[in-house]
Amino acid sequence: MRRIIVRVVSYVWLVAALVLVAEVLLRWRDSSFTPPPSRVAGAFLDLWWSGPAHRLFASDEFVADVGSSMFRLAIGYALAVVVGVVVGVALGRSRRLEWLFAPIVRLGVATPAVVLIPIAIVLLGINDRMPIFVIAFGSIWPVIFNAMDGVAGVDRLSLNSARAIGLRRVDRYRFVVLPAALPRILTGARVSLGIAVVLMVSSELYASTSGVGYQILLQQYRFDTPKMFAGVVMACAIGILFNALFGLYERWALRGRPTVGR
Amino acid sequence: MSDAGTDSAALVVEGLTKTYTTNGVDHLAIEKVDLHVDAGEFVSIVGPSGSGKTTLLNCISGLLRPSGGQVRTFGTPIGDGPSEDMAIVFQDYSRSLFPWLTVERNIGLPMRRTGASRASVASAVDSLLEAVGLPRSVIGKYPWQLSGGMQQRVAIARALINKPKILLMDEPFASVDAQTRISLEDLTLRVWREWNKSVLFITHDIDEAVYLSDRVVVLSKGPSTVKANVDVELPRDRDQILTKQEPLFGKLRSEVMDLVMGQ
């Protein structure tokens, strides 16, 4: 119990202190373009949590915008990870495929993914598929790159050992190749999650009719700065939520490994 | 010396050759090696470092494709990959065991090819732990939480679980301390005798080879060829102290040493 308290305090003290400083400074400055945190908090409740009790007070905006943002992020990111791991493992196991496709992977890793947004709008129009495509296609590269590298780097002796005990091909992947590459695969997936969140918000900022990014832009046009900040806070919260879930999964997946989690 | 090539032998290696090609240059690692292990025999291979002992073992086990020659187990040529008659114990237990699996899962993993039930895997693991002298409490641990000697015992248990007739051991005790090594050597002898295995044991340690074996095969410096077969006619029931005090032990030791060191 004490450890948990210490941990929570260590996580939030700096944020709390900064919020407090901002509150004092911004109240003193008193401009409608820079609302103090307390006013943003009020706008946050008003914008996202002013709905009926049976929906746990979620407002219409929460359901429409937070719901669709999280939906796009979840689908787009899941596609990136699943397809990325499959492609990366295939490239990592085959010299020939790696030779053929490595330049494309390098290009993908090096390209700023937001350039996909105008292309996706031209190809797909403004709908749910557009941000999903942007998220999936933009964040897949670190997954591919790391899975490829991780699988190519699996210890020769581990592979020999797996063959020596007579494991079939499927079992060799399941019990040896994938677990050996897992830390690298997760590193890639972690980087890609950051990119996916950025792409979610930016694709909604650029062209969308729903989503947290859309709400931020809408409130900016209306000069409702507190609500604009409330949108920004929500975007951060979604990022934190997904990263926290990822962290939990990572700890579970790497349990028992010598280097992680203790 | 006995006649190689009889199909009553557990393992027969005939004319085994391995050539590596690096940057277009052929490098001959193994040149026409003939050797055999009779059923129930304990044979060691010694050779100077760099004599391609591990390469030879990898070719014999089917992990590496030889450039020429043939390997047969009980008369059947081995195909692509290790034969079901064989199991291998590698030198580097920290890499040959899988660190992401518990001891129980590591030992039981080879049984996946037999499609055995969970319960029968568990009971096989249990009896093997006892056979290799590990307490039941290690079952839920990960290999890296155990000492080197215990990890190598886990590797031996894993090698035994599918009841192979032939054990190939590649310098299995080269990286454990002296006392652990002594007890692992005696464990190997016990397993070999009680379970009636045929063993091919690679080592660079001449004392170890003489102490363990019925016969020592001496390899030349690379490209490896068989330089000599030395029969070890020490009585069985070997003892780490008594056997090594026998005059014949000293004589065999010098004989093998001469063969290994001599040009």
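Tutor: One term to begin with: two strands count as paired if DSSP finds at least two bridges between them. Keep in mind that this is a predicted model. In chain B, six strands make an open sheet, ordered β6-β7-β8-β3-β9-β10, with mixed pairing. At the edges stand β6 (86-89) and β10 (226-231) of chain B; each has a single partner strand, so one side of each is left without a neighbour in the sheet. From one strand to the next, the twist averages 15°.

β6(B) and β7(B), residues 166-170, run parallel and are joined by four bridges. Here B:A87 sits opposite B:L167 of β7(B).

Next, the helices. Helix α1 of chain B, residues 53-61, packs on the sheet, where it touches β3 (42-46), β6, β7, β8 (198-202) and β9 (215-219) of chain B. The direction of α1 makes about 155° with that of β7(B). Helix α9 of chain B, residues 247-261, also packs on the sheet, touching β3, β9 and β10 of chain B; the α9 direction makes about 180° with that of β10(B).

As for the nonpolar residues, the largest core has 51 of them, and B:I107, B:I156, B:V210, B:V216 and B:V256 have the most contacts inside it. Helix α5 of chain B (residues 148-160) supplies the largest share, six residues. Beyond its neighbours within four places in sequence, B:I107 touches B:V125, B:L128, B:L129, B:V154, B:A157, B:R158 and B:I161. Apart from this core lies another, of 36 residues, including A:V134, A:A207, A:I238 and A:L254.

Key: Residues are numbered from 1 along each chain as its sequence is written. Chains are lettered from A and ligands numbered from 1 in the order in which they are written. This is a predicted model: local features need pLDDT of at least 70, side-chain atom pairs count only at pLDDT 80 or more; totals for chains, interfaces and linings use all residues. Side-chain values use heavy atoms; hydrogens and water are left out. A nonpolar core is a set of buried Ala, Val, Leu, Ile, Met, Phe, Trp, Tyr and Cys residues joined through side-chain atoms within 4.5 Å. Buried means under 20% relative accessible area, exposed over 50%, partly exposed in between (1.4 Å probe, protein chains only). Helices (H or I, at least four residues) and strands (E, at least two) are DSSP runs, numbered from the N terminus. Contact means heavy atoms within 4.5 Å. Axes are lines fitted to C-alpha atoms, for helices over the stretch in contact, and angles run from 0 to 180 degrees between N-to-C directions.
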